[in-house]
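This briefing describes a two-chain structure by topic. Please read it alongside the sequence and the coordinates.

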Amino acid sequence: MSNFTRRGLIKSGATVGAGLAMPTLITSPVAAYTNAPTGGSVTLGFNVPQSGPYADEGADELRAYKLAVEHLNGGGDGGMMNTFSSKALKGNGILGKKVEYVTGDTQTKSDAARASAKSMIEKDGAVMITGGSSSGVAIAVQGLCQEAGVIFMAGLTHSNDTTGKDKKANGFRHFFNGYMSGAALAPVLEARYGNDRNAYHLTADYTWGWTQQESIQAATEAKGWNTVNNVLTPLATTDFSSYVAPVLNSGADVLVLNHYGGNMINSLTSAVQFGLRDKVINNKNFEIVVPLYSRLMARGAGENVKGIFGSTNWHWSLTDEGSKAFVKSFGEKYGFPPSQAAHTTYVQTILYADACERSGTFNPCGVAEALEGFKFDGMGNGATEYRAEDHQCFKDVLVVKGKENPTSEFDVLEVVEITPRAQVEYAPDHAMFAGGDLGKCNPGA
Amino acid sequence: MIYKGFDGTMDAILLQILNGLDKGSAYALIALGLTLIFGTLGVVNFAHGALFMVGAFCAVTLQKVLTLSKISIDPTKTDFLGNPLKVKTPYVVEWFGEGTGNAIIDWNVPLAILVAIPIMLLVGYIMERGLIKHFYKRPHADQILVTFGLAIVIQELVKANYGANPIPTPAPDQFVGSYNVGALIGLDASYPYWRLIYFFFSISIIGAVFAFLRFTTFGMVVRAGMVDRETVGLLGINIDRRFTIMFGIAAAVAGLAGVMYTPINSPNYHMGMDFLVLSFVVVVVGGMGSLPGAVLAGFLLGILESFASMNEVKGFFEAIYLPSIDQIIIYLVAIIVLLTRPRGLMGKAGVMED
């Protein structure tokens, strides 16, 4: 140890430090990519909110994942694998390897979600991460997966940024986004409420709220609506009365609630309590719009959702073959219909598995190539395409309305219109999505 | 004759005052209970928010019990899987007939008050005798840790049994809608019935607690014990027993605040935590150990919070580089109060200063 000098120590210390700071994880000299499966099985990482305010949605996502794994391994009735247009999957796992899974708890907190994703990649050898119920979390985990060299199949994330300015080559989103909600809703709102309307927006103060508000404002203003005000509300707000009260005297005749989950339930409840829906302003009935609906959440708002318009990615009452197969298989296993969160996560898992089969590898670059520009059908949303430029799925969007006379506790929303894909499509460099760079796929290792 | 005073500005101000009083009602009720416990037992009870939540879930549970249903099969209809539809008829409707049965379900929240009082007294009693008793002689930090831990346990128990999503617990149909309070003074400002009820309900609870402490022998003994526990004990009075009862009463106050809050916001498992931090700020601003201080600070901070979320106010503070004033106003005021009056608005010397 004759060369053990102060300078040498600092140099090697710096090297080790840089090495530790590198996001590359378990590195193996032979594998060409992170966590290449070596045995007879392959591990997927399901990162869903198991605690925190979205735990119920997380639980539904997990149910869908378990169902997807069962179907991939040849169990159950096969669900949407039977209606899926691609027939690469054989029910013998993925590429002949049995599918196993590990789960993590995102807690709907970016740091917790990153930590659990990191642990699943490093400790459990997960070759793909999927799930989540918040755009903040999705963007954080997507960034981590890009660095680590694994594929991220986003769960429930609706912010334009996920496949906009924060898009990543290793990340893919099946769920729709704020822009699509605006493009689908605006014509329906115009048809029902006319084109001379004054809208007041209450918006959750984070990435999803901002981009959805921007999208809805642009889409409705294009139809002639005027935007009176947009008020950002802290995510932690529980009593929205002080934000709702000023709406009464603002001259607005429409209230747009860019809120999700508990925020949506509470702001909608406050708005109804304040009698907004009974008001007549500018000789027009006052209306409330909830651009992003979730059936699980709509239940929490009870009677208040009746007659209120919004949009959703998928609904169990759809009658296409794919939806019917999925509802049957999920309903028989669990005793109630699946939510849109369950649908999108199930589809994402099948799509990932199918891409592996078609490309013949788990290598993220091969999988990404197989997913890019992939066109498919039979998964409940009609003809769908994973656009190569931004890894966003393009498909029809559902405009829904709170049902006036529900026949069961699941029968909360009714589908008003299936907006065709062409109407919600946008250019990859659209102003609301510009500024990001997909970068190159990262196989890690 | 209703006219638009100052372009509706007066209406807006009146509405925010009402909002503030309403928010303040919940803060004041929780802070009152916290102060009662701190003043009598000297314990900083971080599980107090959980008691508020447990109260709310008394209403949820009663709703579940009232809507327990007999399941019969209706072969003419089918469910989402195409199987014969299972029709649920609540037992209460079966027993009391359509009208009465549905009315009972509809009046669930007011009925829950009757259920919640004994339950909360019992919960408070068990909590004090079972756990908190063992921490009287321990430092405040230990008390905070154990009560905070207890709050998390209660919260997770509720989540495991009721799920994480909010559960709608509506007010009786008669109280749905709003009342034009502004019309009384020539303005136009409608305010929801149930929120008005909540305000008057909390005023009467606060009044009842104060009257109880002031005008009953029991209350007199408790007040004496709050000032000098040892001497009261030396007089041969079992002060510990009375303090245990006070803990039960404080729990009941928080529980009732929770029951009545359910129609305002659908309750979920972490509603207690949402209120807890704010309530502590309220207690500190009001002055540790001062009951009137807790009530005053509750209403004051409620009103400030409401005004801070007005667009005009937000805009003004944004212009002077203080964005999102609505999120920080309470803490900002707390800092200012503590800098100028370190004992809080109505705090007395010698409390938590040893």
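Helix axes here are lines fitted to C-alpha atoms, for helices over the stretch in contact, and angles run from 0 to 180 degrees between N-to-C directions. The model is predicted, so that local features need pLDDT of at least 70 and side-chain atom pairs count only at pLDDT 80 or more, while totals for chains, interfaces and linings use all residues. Residues are numbered from 1 along each chain as its sequence is written, and chains are lettered from A and ligands numbered from 1 in the order in which they are written.

**Helix packing in chain B**

- Helices (H or I, at least four residues) and strands (E, at least two) are DSSP runs, numbered from the N terminus.
- In chain B, the axes of helix H4 (residues 108-130) and helix H9 (residues 239-261) come within 7 Å and cross at roughly 145°.
- The crossing of H4(B) and H9(B) is right-handed; a crossing is left-handed if the near helix is turned anticlockwise from the far one by less than a right angle, and right-handed if clockwise.
- Residues that H4(B) brings to this contact include B:Ala112, B:Ala116, B:Met120 and B:Gly124, and those from H9(B) include B:Phe247, B:Gly248, B:Ala251 and B:Gly255; two residues are in contact if their C-beta atoms, placed from the backbone, lie within 7 Å.
- By class, the contact of H4(B) with H9(B) comprises 15 nonpolar, four polar and two charged residues. Ala, Val, Leu, Ile, Met, Phe, Trp, Tyr, Cys and Pro count as nonpolar, Asp, Glu, Lys and Arg as charged, and the others, Gly among them, as polar.

**Interface between the chains**

- Chain B contributes 38 residues to the contact, and chain A contributes 36 residues.
- On the side of chain B that touches chain A, the elements giving two or more residues are helix H1 (9-41), strand S4 (190-192), helix H6 (193-215), helix H10 (271-286), helix H11 (291-308) and helix H13 (325-340) of chain B.
- H1(B) gives the most to this side, with seven residues.
- This side of chain B has 13 nonpolar, 16 polar and nine charged residues.

**Overall form of chain A**

- Chain A has 13 helices and 17 strands.
- The radius of gyration of chain A is 23 Å, close to the 22 Å that the globule rule gives for 445 residues, so chain A is as compact as a globular protein of that length. The radius is taken over C-alpha atoms, and the rule is 2.2 Å times the number of residues to the power 0.38.
- The C-alpha trace of chain A spans about 90 × 60 × 35 Å along its principal axes.
- Of the 445 residues of chain A, 57% count as buried. A residue is buried if 20 or more other C-beta atoms lie within 10 Å of its own, exposed if 12 or fewer, and partly exposed in between, with C-beta atoms placed from the backbone.
- Among contacts in chain A with a separation of 6 or more, 72% join residues 24 or more positions apart.

**Domains of chain A**

- Chain A is divided into domain 1 (41-176 + 316-395) and domain 2 (179-312); these bounds come from an automatic or database domain assignment.
- The C-alpha centres of the two domains of chain A lie 30 Å apart.
- The contact takes 15 residues from domain 1 of chain A and 16 residues from domain 2 of chain A.
- Helix H2 (55-72) and helix H4 (135-148) of chain A are the elements that give two or more residues to the side of domain 1 that touches domain 2.
- That side of domain 1 of chain A divides into four nonpolar, seven polar and four charged residues.

**Helix packing in chain A**

- The axes of H5(A) and helix H6 (residues 207-221) of chain A come within 8 Å and cross at roughly 35°, and the crossing is right-handed.
- The contact of H5(A) with H6(A) has eight nonpolar, seven polar and no charged residues.

**Individual residues**

- A:Arg197 lies in the loop between helix H5 (178-193) and strand S6 (198-204) of chain A, and counts as buried with 21 C-beta neighbours inside 10 Å.
- Not counting residues up to four places away in sequence, A:Arg197 touches A:Trp225, A:Asp253 and A:Val254.
- Most residues other than glycine have a negative phi.
- A:Asn282, which is not a glycine, has a positive phi of about 55°; A:Asn282 is exposed, with 11 other C-beta atoms within 10 Å.
- B:Ser324 has a positive phi near 55° and is partly exposed, with 14 other C-beta atoms within 10 Å.
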